[in-house]
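Hi,

Here is the structure I promised to pass on. Have a look first, and then read my notes below.

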Amino acid sequence: MAVSNRKLADAIRALSMDAVQAADSGHPGMPMGMADAATVLFKDFLKFDAADPYWADRDRFVLSAGHGSMLIYALLHLTGYEKPTLQDIRNFRQLGSPCAGHPENFLLDAVECTTGPLGQGFAMAVGMAIAERHLNAVYGDTLVDHRTWAIAGDGCLMEGVNHEAVGLAGHLELGRLNVLWDDNRITIDGPTDLSTCEDIPARYRASGWHVVSCDGHDHDDVHRALAEAKDDPRPSLIACRTTIGFGAPGKQGTSATHGNPLGEDEVAAARKELGWEHGPFAIPVDIKSTWEDIGRQGTEQRNLWTERLGDHPERVDFERRMAGDLPKSFSMADHVKNLMADPQKAATRKASEWALEAINRALPETIGGSADLTGSNNTRTGDIDTLSADDYGNRYINYGIREFGMASAMNGMALHGGVIPYGGTFLIFSDYSRPAIRLGALQQARVIHVMTHDSIGLGEDGPTHQPVEQLQSLRAMPNLHVFRPADAVETAWCWQLALQNKGGPSLMALSRQGLPAVATDATEAGCAKGGYRLKGAEADRRIILIATGSEVHLALEVAEKLEGEGVGTDVVSMPCTQLFDAQDEEYRADILPNLQPGQILRVSIEAGTSFGWERYTMLDGLNFGLDRFGASGPAPDLFDKFGFTADAIAPRILAALDQ
């Protein structure tokens with residue numbers, strides 16, 4: 001006798017409430033409420049093969065409501081993925097278990113992206129849908145023909161990033177994107193009408209989406225709604241009216257099931273209510289077997305796709321791009337050679353544009369964009385056109401004023417594979433996109449954030465736009481490489497390093513104002529080590545000046561004055577502190593010798609907060625920075641006002657030597 005959809009769904013409910021109860025921690029309500037809709041999705045619509053979580057043409061499934069992580073853990077286990085095992089689920093939320101409190105893409109192969117911060121999964125799904133449409137335009141239906149499905153909750157739809165992502169997806173007419181909304185009308189505080197009266201379907205329709213509703217516990221009705229969504233050329237929101245904690249008779253439909261275990265008595269009552277006559281973590285053989293058959297439904301499609309790939313003339317290029325590998329021939333060396341042959345004063349944002357001209361010609365996988373600051377960020381090169389609903393094959397996205405949405409979508413594009421996204425805004429607006437930058441670092445997503453106007457050097461726009469604390473706060477973020485190059489040559493090498501970093505995001509902090517050429521070495525060695533000796537002392541070394549970006553040429557001017565006083569001065573350019581910190585002790589000790597205090601004075605110069613530079617200058621060093629907000633005025637006047645001149649800095653260093 002065939003196993004009913006309801007019994008398949010009840011297996012999800014049972015595993016979810018058992019795991020949360022065993023952990024004494026977690027969110028049982030959402031997976032219990034969405035079990036029916038998820039069952040229909042996986043059984044009748046989702047294209048996947050549990051035997052190969054990396055099949056390039058699989059549908060992408062994103063659990064945006066990541067707090068309901070037991071939903072995806074139960075689905076992956078039941079359908080026969082290698083991980084998680086039943087023991088992993090028993091150890092839900094315990095140290096060492098891949099079944100973490102929220103889904104982590106680096107712990108389970110079949111988890112497409114890390115979710116939990118509400119709304120970001122939704123926005124990453126938008127990015128995945130963009131990547132699919134772009135790659136389809138490049139390689140055709142033969143190799144790329146899949147959909148992106150997401151499950152989102154009320155919280156996901158309330159978050160600001162949702163509004164940004166919805167607008168972008170509607171504008172781009174991403175008809176391969178379908179979002180199941182867990183419309184249970186409950187948040188942790190209680191009913192949603194405590195905090196909102198928004199007409200969500202109307203908002204989506206106004207943004208160019210198709211909206212369809214269904215009873216989230218009626219499998220036939222869910223199937224009808226998903227089929228309608230699949231056939232519509234617009235992105236779809238499927239409003240699944242559900243009961244949170246469905247099956248728990250004393251708590252279902254209330255916030256009591258949202259973020260707490262049901263309790264032993266309620267778990268027992270739920271078993272009785274559902275007719276689930278099996279002990280904790282016990283799944284009957286027929287139910288598990290049926291789920292595993294569902295996990296194998298895509299095997300034939302995958303095999304046929306593999307045959308098509310084998311015969312495809314662009315197989316090698318496709319596989320390279322999906323693996324995230326750069327062409328073996330890729331190098332910025334020729335570009336740098338040309339820069340060295342004709343040194344020019346240029347803002348590093350302009351130097352970045354020069355670098356991108358070479359990069360975008362060499363790497364067809366790059367997709368650029370900007371949050372409505374293209375002309376300021378210099379992110380668009382002459383050989384790429386706007387990606388739009390009319391032509392997904394183009395490689396530049398006008399994200400609009402959506403910094404958070406842009407950064408989140410780029411995470412999704414990178415995690416989809418086959419593309420390397422970069423997007424621009426002002427460095428001060430990294431505060432808008434920071435949550436996505438952080439989640440990208442956690443997920444090891446290769447995204448390049450182009451952040452221009454990186455200091456008071458932007459001038460007249462004033463302190464609202466002048467970064468002070470942003471650089472150091474971003475450097476504090478694990479697995480994010482923050483590059484602040486000093487000139488066009490360093491900018492080119494920093495771009496190469498960012499592109500080569502498959503294991504995480506990079507951020508380019510670039511100047512608005514023109515900077516003189518300072519590089520003397522045409523190789524990438526110095527930038528690759530994060531910090532290097534740009535100028536060695538002429539007299540006996542007494543001073544080491546450490547600077548980044550626009551302050552490197554200032555450090556050279558200071559060094560010239562000090563050498564004129566007979567004080568030997570090194571200048572260290574440090575475009576990436578994270579890469580410098582990763583070097584071995586011998587190299588770091590050579591650049592910053594560990595001598596007795598008083599023998600060598602270390603000095604940092606950066607037009608941002610001095611906070612944190614003590615780790616390089618030591619307690620008796622000097623730190624020239626900006627520990628207050630800036631001001632509005634021409635850049636040269638601001639640098640003079642805040643003491644970023646050789647005439648202001650050199651005497652203070654000499655005075656410190658005399659103490």
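Cys 197 is exposed, with 79% relative accessible area. Keep in mind that this is a predicted model. I started with the cysteines, and a search of the whole structure turned up zero disulfides. Cys 197 is in no disulfide, and the nearest cysteine sulfur, that of Cys 156, sits 20 Å away.

What about Cys 494, is it buried or exposed? Cys 494 is buried, at 0% relative accessible area. The closest cysteine sulfur to that of Cys 494 belongs to Cys 527, at 4.4 Å. A disulfide needs the two sulfurs within 2.5 Å, so the sulfurs of Cys 494 and Cys 527 are too far apart for a bond.

Five strands make up an open sheet, running 1-2-3-7-6 in order, with parallel pairing. At the edges are strand 1 (60-63) and strand 6 (210-215), each of which pairs on one side only. From one strand to the next, the twist averages 20 degrees. Thr 148 has Leu 177 in strand 3 as its bridge partner. Helix 9 (residues 219-231) packs on the sheet and touches strand 2, strand 3, strand 6 and strand 7 (236-241). The direction of helix 9 makes about 170 degrees with that of strand 6.

Then there are some backbone spots to look at. As a reminder, most residues other than glycine have a negative phi, and most peptide bonds are trans. Here are the exceptions I noted:

- The peptide bond from Lys 83 to Pro 84 is cis, with omega near 5 degrees. Pro 84 lies in the loop between helix 3 (70-78) and helix 4 (86-90).
- Glu 173 is not a glycine, yet has a positive phi of about 55 degrees. You will find Glu 173 in the loop between helix 7 (160-171) and strand 3, and Glu 173 is partly exposed, with a relative accessible area of 47%.
- His 453 is not a glycine either, and has a positive phi of about 60 degrees. The loop between strand 11 (448-452) and helix 19 (470-475) holds His 453, which counts as buried at 5% relative accessibility.

Happy to go through any of this with you.

Cheers

Notes. Residues are numbered from 1 along each chain as its sequence is written. This is a predicted model: local features need pLDDT of at least 70, side-chain atom pairs count only at pLDDT 80 or more; totals for chains, interfaces and linings use all residues. Side-chain values use heavy atoms; hydrogens and water are left out. Two strands pair if DSSP finds at least two bridges between them. Helices (H or I, at least four residues) and strands (E, at least two) are DSSP runs, numbered from the N terminus. Axes are lines fitted to C-alpha atoms, for helices over the stretch in contact, and angles run from 0 to 180 degrees between N-to-C directions. Contact means heavy atoms within 4.5 Å. Buried means under 20% relative accessible area, exposed over 50%, partly exposed in between (1.4 Å probe, protein chains only).
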